[in-house]
Amino acid sequence: IEKVIKAAKRSGAIAIHPGYGFLAENAGFARRVIEAGLLWVGPPPDAIATMGDKIASRRAAEAAGVPGVPGTLEPVRRSADLRAVAEAYGLPVVVKAAHGGGGRGLRVVRRPEDLDRSFEAARREADAYFANPEVYVERYLEGPRHVEAQVLCDRHGGAAFLGERDCSL
């Protein structure tokens, strides 16, 4: 982060666009760019932090009235709690790392006898990959599509819809 900011200042840049990947999803990087007096081209740091926490993202979406997949809005801390959620939503459910992605810390549970093992495996993997064992649970959807809308906005109220992309492909 410091090397990028130093290079930007040395080159005379006035703004930093993080591209995509780890720095684009790093709220600390966004804050550091702003603190350095550079223009951050991307979501506000608080929005990035919310997006990085899947439970906080679910809460924010619900608060905004955006319908979502039925699931928990709090971390599931015990296998018994997972059982209660599975009974409420029915199987299959998916146990997901709250601070992860890329399929890490994710377990699909189709049978009641797999609940305990899947819960523990998801927590271990979440902790190993993301240094945080928190997991949440959603109703599992067979064959879902992941479609993103690409929207560009400026600080003056202007916005442009650039299209959508099907990330499932």
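Me: Why does Phe 130 count as partly exposed?
Reply: Its relative accessibility is 27%. Buried means under 20% relative accessible area, exposed over 50%, and partly exposed in between (1.4 Å probe, protein chains only). So Phe 130, at 27%, is partly exposed. This is a predicted model, where local features need pLDDT of at least 70, side-chain atom pairs count only at pLDDT 80 or more, and totals for chains, interfaces and linings use all residues. Residues are numbered from 1 along each chain as its sequence is written, and side-chain values use heavy atoms, without hydrogens and water.

Me: How many aromatic pairs does the structure hold?
Reply: Two.

Me: What makes the pair of Phe 29 and Trp 40 edge-to-face?
Reply: Rings of Phe, Tyr and Trp (its six-membered ring) pair if their centres lie within 6.5 Å; planes under 30 degrees apart are stacked, over 60 edge-to-face, the rest tilted. Here the centres are 5.4 Å apart and the planes stand at 90 degrees, so the pair is edge-to-face.

Me: Which parts does this pair tie together?
Reply: Phe 29 lies in helix H2 (residues 27-35) and Trp 40 in strand S2 (residues 39-40), so parts 11 residues apart in sequence are tied together. Helices (H or I, at least four residues) and strands (E, at least two) are DSSP runs, numbered from the N terminus.

Me: Are Phe 29 and Trp 40 buried or exposed?
Reply: Phe 29 has a relative accessible area of 1%, so it is buried. Trp 40 has 9%, so it is buried too.

Me: Why is the pair of Tyr 129 and Phe 130 called tilted?
Reply: The centres are 6.2 Å apart, and the planes make 45 degrees. That angle is neither stacked nor edge-to-face, so the pair is tilted.

Me: How do you know that Tyr 129 is partly exposed?
Reply: Its relative accessible area is 46%, so it is partly exposed.
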